[in-house]
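Visitor: I would like to learn how to read a fold from its coordinates. Please take one feature at a time.

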Amino acid sequence: MSENLFQNVISTHARPDRLRTILVHPENLPLWDEEITQVVPTTTGNFQLTRRLPALNEHEDLAVTTTADQIVYHSQGGRLAYDLVFSLATEATHTILTEELRVTSTGGLPLPLRLLAPIAQQAFAQKLHHLTALAESSREVLS
C-alpha cells in the first residue's frame, strides 16, 4: 500500500526525450541532485545511491521502470521507501513534467509523515528545477 505524499508540476522548454534520457539513467542524478554523492550499478540491475548527511536515506537501492509517458524510481533500503513517479506531457511548445512522491514504507522516520511532507515537497521542487535547467542546457548527460 502506498500513500501519495505530494505532487510538483513544472513547465519547461526541454524536449520530453531529453528529460526522459536524463531520468532513465540514474547515473545522471548527481548532475541535478546535489545531495547524491554516489550512484553505483548493482548486479541486479538496480543502483545503490549514497547521499550527503544529514539525509533520511543515506543509502538506498533504486530500481527504475518506464512506460511511454512515465519514469518511476522505486526506492528501498532506507528509512523511507518510496516511488517517485515522473510523468511527461507535451503542451504546445512546452513539456509539462509532474513528479509525485508515493510513500510505500516509513520504518524509522524521525518525524510524522504529515510534518515531513511540506519540507520534502519543497526540497523535491528545488531538485525538479535543477533537473529542468539541466535538460534545457547543452550539458552532456549519460544516455
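Visitor: Does Phe6 count as buried or exposed?

Guide: This is a predicted model, in which local features need pLDDT of at least 70 and side-chain atom pairs count only at pLDDT 80 or more, while totals for chains, interfaces and linings use all residues. Residues are numbered from 1 along each chain as its sequence is written, and side-chain values use heavy atoms, with hydrogens and water left out. Buried means under 20% relative accessible area, exposed over 50%, and partly exposed in between (1.4 Å probe, protein chains only). Phe6 has 6% relative accessibility, so it counts as buried.

Visitor: How many aromatic pairs does a search of the whole structure find?

Guide: Rings of Phe, Tyr and Trp (its six-membered ring) pair if their centres lie within 6.5 Å; planes under 30 degrees apart count as stacked, over 60 as edge-to-face and the rest as tilted. The search finds three pairs. For Phe6 and Phe124 the centres are 5.4 Å apart and the planes at 65°, so this pair is edge-to-face. Phe6 belongs to strand β1 and Phe124 to helix α3, so the pair ties together parts 118 residues apart in sequence. Helices (H or I, at least four residues) and strands (E, at least two) are DSSP runs, numbered from the N terminus.

Visitor: Which residues form one aromatic cluster with Trp32?

Guide: Trp32, Tyr73 and Phe86 form that cluster. Both Trp32 and Phe86 are buried.

Visitor: In what order do the strands of the open sheet run?

Guide: Strands of a sheet pair through backbone hydrogen bonds, either parallel or antiparallel. Two strands count as paired if DSSP finds at least two bridges between them. Here seven strands, paired antiparallel, follow the order β1-β7-β6-β5-β4-β3-β2. The edge strands, β1 (3-12) and β2 (36-41), each pair on one side only. Strands β6 (residues 81-91) and β7 (residues 94-105) are antiparallel over eleven bridges; Ala89 has Ile96 in β7 as its bridge partner.

Visitor: Which residues of helix α1 are buried?

Guide: An α-helix has 3.6 residues a turn, so residues three or four places apart point the same way. In α1 (residues 16-24), the buried residues are Arg18, Leu19, Ile22 and Leu23. Seen down the axis of α1, they fall within an arc of 130° (taken from the directions from the helix axis to the C-beta atoms), so they line one face of the helix. These buried residues pack against β1, α2 (29-32), β5 (70-76), β6, β7 and α3, where contact means heavy atoms within 4.5 Å.
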